Each structure stands twice: as C-alpha cells, then as structure tokens.
Amino acid sequence: MHKRLVNHCTIDFSIIPDGPILIKSGREGADPTNPDMEFVRTFHQGGWSIYLPGSSLKGAIRAHAERIVRTIGSETKPSNSSKLWANNPLTDKYTYLKDSAGNDLPPHEIYQKSSFTDQMFGNTSIASRVRIEDAYPVDAKQLYIEERNGVAIDRVFGSTVPGALFNYQVCTAGEFRTKIHLKNFTLAQLGLIGLVLRDLNDGWFGLGFAKSRGLGTVQVKYNSAVIQYPGCVIDDENKQIQLLGSENHWSWTYLLGVGEFLSQEEANKYGFQKPDKQDSPVRAESMDLGFGVQMKWEGDTQAGVQDLFMRGVRAWGELLGCTTS
C-alpha cells in the first residue's frame, strides 16, 4: 500500500495570533542589541521575515492528537490490536515492530501494530502520512512585533533569581498561512486533524514559548480544502467516480478513505476500515490536465471547509462506535 497513492488531502488555513506568540530561534544572545529571545526568521518574498516553522506546528498538532487518542483509548499497546491507542514516541522502544531476530516486520504488520497516531505521523519504521508546510506571513506589513521583559523564578524558594532579567520578542498581530497535506488517509484520520485544529482555535493548546504564561494562543481560519483521487476518472453519464483498472465505482458525491481502494483482504492486512466513505454535498470534478478526480471546499463556514471536517469527524465517531451529528 505504501507504494501507491490513492487519495490526497490539502487543507489551506491561516493562523492568526490571538495574543502574543513566540517561536524562538537558536541564536539567543548572539547580538547584544537584539532581545535575548528572538523570533525565528527566514528569507521570504525578497526580505527577512518571522515565520512559524512546519516542524513546530507538526509537533504541537501531533502532541494534541495523541492526547485526544489517549483520552478515549489507551496510552499503552493493548492486547486487542483493534483498540485505539497512542504511545509516547520519546520513550517507546518499538520492540513490537521487530521479529524475534530483531528485524523489521513486513510493512503491513508494522502499520497494523503501530499506534493510531504513529500510523498518521510516523515512527522509526514507517513514514509520516502528514506533512505541514512552514507558515509565512500573508502581509509582512500587518505584522506587529514588540519586545517584552521577563524574570527567572527560583522554583524552590519562589523568589526571583538575581540578575535573571531577560527580554523577548513576541508577535501580537498578523496572519500566517500554511497547508496540511495528508496522503493515503482514512476518513477517521482526517476527522482527528479537524478536532485538533478546532481545539487549537478554541485555545485548548498553544504554539511556541511560554504557553503556561499566556503566550501561544491563536485563531484558525480555513481558506480551502481539496481531496484528490489521482487514479480515478469521472463517469459523467452515470455520475460516478471510477477507479481505473478496477470495477470499483462510487457516487461522485462520496468522500473516500484509503480502505475503499483496497480489496477486503488487503484492507484487513493493514487494519483499514472498509467501507470508509461519507456522502457529501460537494460534487467531484476532473483534476487539472483532465486526469484524476478532486473535490473542493472553500471558505471558513459551515458549508465550507468545516463541512469536510464534520464528515471526517462522523467517520471518527463510527470508528469509536458512537454517532456524531
């Protein structure tokens, strides 16, 4: 399955500071005229600018996804492989992905035995299905960067540490735009991404430095989302999506998870849900160059990208054995 590409989702969204945020660079104190803690910067569109690294965004998104899965599942590998769980990738030795001789298991066994979040974000044996781009300012002139002061506290005595004053940069206004890409995904995995972005927007977790001191809260604005099935074509006469080289076909208003493109035997090998589809008000259309099929959602409304996530969350609820509305 890892050698094929059957579906791909791109979520285009903006991150807007809802207060001060800071993602620190590694050059603290390099220039005495600059703050002790500087915002990470890069060269973008003809000049130097602050930005939100994709690695920082992915780390925060993965950590919260793991919290969600552990809340309704398990934090250790259960004896029942069908039960939802999320491990701690920092301490997990991944011995269950090796055979008795210490060699890697076959790819389908590695995927099936990995935790739900490892299946999405990867581990030492499987690649990530989620890719997050760096978030760059939409308009650098709208960014507002200010300098703040802080003081180190002795955690034992609760008093200030002599000579421990420091200053740091924060961004309090602007808009950063980025994209999340998912490939060969299940609809439940798409639903989990939707839940994480909802919680980020609601302030359940933050980004960057000093989150416990009020920094890092942001708003999430959805711009667009596209789901693509590169191996399919549109049958206009029958209003269907058809998989080339196969008898598989679906209504052209169906969202399709990876399990839909596999035989029952192959889906069972990987542990994919089958069926894995949801009806949608959005109709499929041909991709650029006339080959492949795609479905598009526009805007940050209930009929826009939120509609796509609602249907993904419905699949997430079905995976858990409950219903959502």
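A search of the whole structure finds 11 salt bridges. A salt bridge here means a side-chain nitrogen of Lys or Arg within 4 Å of a carboxyl oxygen of Asp or Glu. Side chains of opposite charge can pair when their charged atoms come close.

Quick ground rules. This is a predicted model, where local features need pLDDT of at least 70, side-chain atom pairs count only at pLDDT 80 or more, and totals for chains, interfaces and linings use all residues. Residues are numbered from 1 along each chain as its sequence is written, and side-chain values use heavy atoms, with hydrogens and water left out.

Take one bridge. Arg 177 pairs with Asp 12, and their closest N and O atoms are 2.8 Å apart. This pair links distant parts of the chain: Arg 177 is in strand β8 (residues 176–183), Asp 12 is in strand β1 (residues 8–17), and they are 165 residues apart. Strands are DSSP runs of E, at least two residues; helices are runs of H or I, at least four; both are numbered from the N terminus.

Are these two buried or exposed? Arg 177 is partly exposed, at 40% relative accessibility. Asp 12 is buried, at 9%. The cut-offs: buried is under 20% relative accessible area, exposed is over 50%, and partly exposed lies in between, using a 1.4 Å probe and protein chains only.

Next bridge. Glu 66 pairs with Arg 62, closest N and O atoms 3.0 Å apart. Both sit in helix α1 (residues 54–72), and because they are four residues apart, about one helical turn separates them. Glu 66 is buried at 8%. Arg 62 is buried too, at 15%.

A third one. Lys 98 bridges to Asp 104, with the closest N and O atoms 2.7 Å apart. There is also a network: salt bridges that share partners join Arg 62, Glu 66, Arg 70 and Asp 118.

Now cysteines. How many disulfides are there? The count comes to zero, with a disulfide defined as a pair of cysteine sulfur atoms within 2.5 Å. Look at Cys 232: the closest cysteine sulfur, in Cys 9, is 15 Å from its own, so that is too far for a bond. Cys 232 is buried, at 0% relative accessibility.

Last stop, Asn 167. This residue is in strand β7 (residues 160–173). Asn 167 is buried, with a relative accessible area of 17%. Its side chain reaches the backbone nitrogen of Asp 36 at 2.9 Å.

Methods: A polar contact is a pair of N or O atoms within 3.5 Å; within protein, one must be able to donate a hydrogen and the other to accept it, and residues adjacent in sequence count only if both atoms are side-chain atoms.
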